[in-house]
Amino acid sequence: MAAFGHTFPFYTGLKPIFPMDTTLAVLIVIFLTALITFIIILPGIRGKMRLFWLLRVLTSLFIGAVILAVNFSSEWFVGQVSTNTSYKAFSSKWISADVGLQVGLGGVNITLTGIPVEQLNETINYNEEFTWRLGENYAEKYAKALEKGLPDPVLYLAEKFTPNSPCGLHGQYRLAGHYTSVMLWVAFFCWLLANVMLSMPVLVYGGHMLLATGIFQLLGLLFFSTATSLTPLCHLHLGTATLHTCHGSAFWITLTTGLLCVLLSLAMAVAHRIQPQRLKAFFNQSSGEDSALDWNPEEGRLLSPRYRSTAESPEPQDIPLSEASSEACCKKEHPREPDCTL
């Protein structure tokens with residue numbers, strides 16, 4: 001057995017725990033890779049456009065990363081308490097631990113960490129997830145947790161979110177999570193369309209899609225707050241303490257990003273009315289002064305070109321001709337009549 005250390009040869013050891021949610025880790029890696037790629041390209045841009053381009057890229061990546069991250073986050077409604085509570089069923093032994101509850105759009109996450117971690121000859125460090133996404137059954141996951149014999153605090157909190165619980169938390173939070181997730185996905189597609197339109201000479205419509213991105217985020221928050229506020233207060237007693245919940249970081253960062261999108265879209269609308277040429281310069285688009293077509297900012301349409309007036313067109317110039325050529329031209333224009341006199 002010494003060759004295998006302190007592990008039996010036919011039994012696997014404890015599974016390593018990743019320090020964060022794998023979905024969030026993948027999203028962070030994707031957006032960081034995109035950011036690093038854009039930073040590598042940055043030295044090839046000249047002058048002030050380098051700063052403008054960097055601001056656009058950072059703002060756009062931040063908005064997209066937030067929309068996707070909060071959709072998979074479990075910190076929409078959070079709570080944590082330190083308490084002395086019973087550890088296992090049919091046991092009189094108590095432990096001192098930190099109990100945490102995180103409610104997301106797709107389920108709940110419950111943590112139990114002992115103070116200290118080693119108590120009763122065991123390592124008390126649990127992180128259990130119970131989901132209610134489409135196609136998943138919350139009651140089955142709770143039944144499996146009972147079969148595994150999880151600690152009492154974890155089972156107590158998980159039971160409060162079951163469909164048959166008198167608290168009614170399952171129906172309200174599940175409904176709020178579904179509608180909020182749909183709104184965030186719509187906001188994400190609006191963000192994609194906004195990026196496409198802002199890279200084309202249709203800045204006004206890009207601003208409209210950015211406004212839609214912020215509005216759908218705020219609508220998602222409205223659905224979540226309305227559905228959760230309809231839930232009656234359910235006291236969560238854990239041993240000698242009571243667990244209180246509040247809005248988490250995902251809720252507040254979504255609110256901040258939604259307001260940011262609305263403010264940016266309004267700023268673009270004002271800039272389009274007052275200084276359309278500077279707005280085009282900020283997005284690295286030609287102002288149209290040297291082209292044959294001119295854009296009409298007064299009409300509010302960037303897709304309908306207006307041709308230059310006759311006064312703006314260059315005047316025709318008279319080119320002097322030599323005497324021989326002028327006489328030849330006169331002969332062609334006024335040929336002499338034949339002399340019929342005899």
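User: How many disulfides does the structure hold?

Analyst: In general, a disulfide is a covalent bond between the sulfur atoms of two cysteines. The cut-off here is a pair of cysteine sulfur atoms within 2.5 Å. The structure holds one. Its partners are Cys167 and Cys234, with their sulfur atoms 2.0 Å apart.

User: What does the pair tie together?

Analyst: Helices (H or I, at least four residues) and strands (E, at least two) are DSSP runs, numbered from the N terminus. Cys167 sits in the loop between helix H4 (152-160) and helix H5 (169-198), and Cys234 in the loop between helix H6 (203-229) and strand S5 (236-238), so the bond ties together parts that are 67 residues apart in sequence.

User: What kind of model is this, and what are the ground rules?

Analyst: This is a predicted model: local features need pLDDT of at least 70, side-chain atom pairs count only at pLDDT 80 or more, and totals for chains, interfaces and linings use all residues. Residues are numbered from 1 along each chain as its sequence is written, and side-chain values use heavy atoms, with hydrogens and water left out.

User: Is Cys167 buried or exposed?

Analyst: Take the classes from relative accessible area: buried is under 20%, exposed is over 50%, and partly exposed is in between (1.4 Å probe, protein chains only). Cys167 is buried, at 12%. Cys190 is buried, with a relative accessibility of 8%. Cys246 is partly exposed, at 44%.

User: How many helices and strands does the chain have, and what share of its residues is buried?

Analyst: The chain has nine helices and nine strands. Of its 342 residues, 36% count as buried. Accessible areas come from the Shrake-Rupley method with a 1.4 Å probe, and for residues only the protein chains shown count as cover. The chain total is about 21,900 Å², and 63% of that belongs to carbon and sulfur atoms.

User: What share of contacts joins residues at least 24 apart?

Analyst: A contact means heavy atoms within 4.5 Å. Take contacts between residues at least 6 apart in sequence: 64% of them join residues at least 24 apart.

User: Which residues have the most contacts inside the largest nonpolar core?

Analyst: A nonpolar core is a set of buried Ala, Val, Leu, Ile, Met, Phe, Trp, Tyr and Cys residues joined through side-chain atoms within 4.5 Å. The largest has 43 residues, and Trp76, Leu101, Phe130 and Phe161 have the most contacts inside it. Strand S2 (residues 94-103) gives the most to this core, with five residues. Another core, of 20 residues, lies apart from it, and includes Leu27, Leu61, Ile63 and Trp191.

User: Which spans does the UniProt record annotate as transmembrane?

Analyst: UniProt positions follow the numbering used here, feature names are shortened, and annotations may be inferred rather than shown by experiment. The unreviewed entry marks "transmembrane region" at residues 24-45, 52-72, 182-206, 218-238 and 250-271. Check two against the model. Residues 182-206 are 84% helix and 0% strand, with end C-alpha atoms 22 Å apart. Residues 250-271 are 100% helix and 0% strand, and their end C-alpha atoms lie 31 Å apart.

User: Where is confidence lowest, and where is it highest?

Analyst: pLDDT is the predictor's confidence in each residue, from 0 to 100. Where it is low, the predicted coordinates should not be read in detail. The chain mean is 78, and 76% of residues reach 70 or more. Strand S8 (residues 293-295) is lowest, at a mean of 41, while helix H7 (residues 249-274) is highest, at 93. Over residues 288-313 pLDDT stays under 50, and the model has 34 contacts beyond four places in sequence for them.

User: What does Thr85 touch?

Analyst: Thr85 is in strand S1 (residues 77-86). It is buried, at 5% relative accessibility. Leaving out residues up to four places away in sequence, Thr85 touches Trp94, Ile95, Pro153, Leu238 and Gly239.
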